[in-house]
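Open the model in your viewer and keep the selection tool at hand.

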Amino acid sequence: MDDDDETLELIGRWIGRLGHRVRFAQDAPRALEMLDERPADVVISDWDMPGMTGAELCAILRQREDDEPYTYFIILTGFDDREHLLAGMAAGADDYQRKPVNLDELEARLVSASRVVDLHRRLETRTAALLDDTTRLFAASRTDALTGAGNRLRFDEDVETMLSRAQRYGHPCSLALCDLDYFKSFNDTLGHVAGDEALRRVAEAMRNNLRASDTLYRYGGEEFVVLLVEQSVGDAVRAMERMRTAIERLSIPSPRTGGALTVSIGVAQVDPSQ
């Protein structure tokens with residue numbers, strides 16, 4: 001980037017011969033537009049440009065790089081004093097070259113730039129992979145492996161958040177405790193493999209009968225908890241009655257009763273004033 005057409009053409013032609021793709025801008029605003037359209041691995045900018053210095057342009061790019069790939073920044077300058085060099089580096093420049101441009105020196109700087117950019121890209125890829133792994137591990141540590149419902153850890157965290165919001169905004173919210181009837185007898189008679197399958201089917205039926213804002217947790221064994229955000233006890237009772245009916249309609253045989261497996265549910269409303 002330079003406001004001198006001859007310099008732009010010379011540098012661009014040389015960089016192209018080295019196997020790089022080149023884009024040109026005669027001022028910083030146009031350069032920013034082009035970088036918004038498509039980021040660049042390397043920016044080569046003159047220091048002295050109309051409206052904005054190369055150091056100021058570099059500082060703007062560095063401020064934006066939380067959401068963008070790293071850009072290696074080289075400043076071309078006709079100044080040879082220490083102050084300009086330090087100002088450029090303070091703005092975030094990676095390298096500088098004095099004008100008139102020595103093309104062999106520029107080639108060497110581009111080799112260094114390629115190595116640094118490649119390192120940044122590999123680090124960005126590894127960081128993204130680590131973040132993805134961390135997110136998945138965080139979710140897994142708060143999920144019951146058998147049923148896919150939230151576990152006790154997630155329940156403890158979420159109920160604290162729900163209570164805090166209820167007290168702050170005065171919104172009603174309810175909690176339902178669900179216990180499968182005679183489930184110990186189910187496991188003792190049919191075995192734990194059948195018991196696990198029954199728990200999975202029950203959890204799926206429960207999730208299918210909840211609003212998106214409500215959350216299901218496996219509290220332990222055959223016990224489940226449902227947090228019903230911004231629901232009064234009356235609304236929560238009606239929602240749990242639909243859930244109770246859905247579980248009974250699964251027609252999972254209950255060895256103890258000879259009928260379908262059923263669930264007992266208790267519902268309580270949180271008092272926001274407490």
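Start with the second largest pocket, which holds about 200 Å³ of space. Select Asp158, Thr161, Met162, Arg165 and Val229: of its 15 lining residues, these are the closest to its centre. Now colour α6 (152–169) and β5 (215–220), the elements that each give two or more residues to this lining. The largest share, six residues, comes from α6.

This is a predicted model: local features need pLDDT of at least 70, side-chain atom pairs count only at pLDDT 80 or more, and totals for chains, interfaces and linings use all residues. Residues are numbered from 1 along each chain as its sequence is written, and side-chain values use heavy atoms, with hydrogens and water left out.

A pocket here is an open set of points on a 1 Å grid over the protein atoms alone, where a 1.4 Å probe fits, with protein on both sides within 12 Å along at least five of seven lines; lining residues have an atom within 4 Å of a point. Volume is the space filled by probe spheres set on the points, which are joined across faces, edges and corners. Helices (H or I, at least four residues) and strands (E, at least two) are DSSP runs, numbered from the N terminus.

Next, the largest pocket: about 820 Å³ of space. Select Arg21, Val22, Arg23, Ala40 and Val42, the closest to its centre among 28 lining residues. Then show α1 (5–17), which gives the largest share of this lining, five residues.

Last stop: Val43, in strand β1 (residues 42–46). Is Val43 buried or exposed? Val43 counts as buried because its relative accessibility is 8%; buried means under 20% relative accessible area, exposed over 50%, partly exposed in between (1.4 Å probe, protein chains only).
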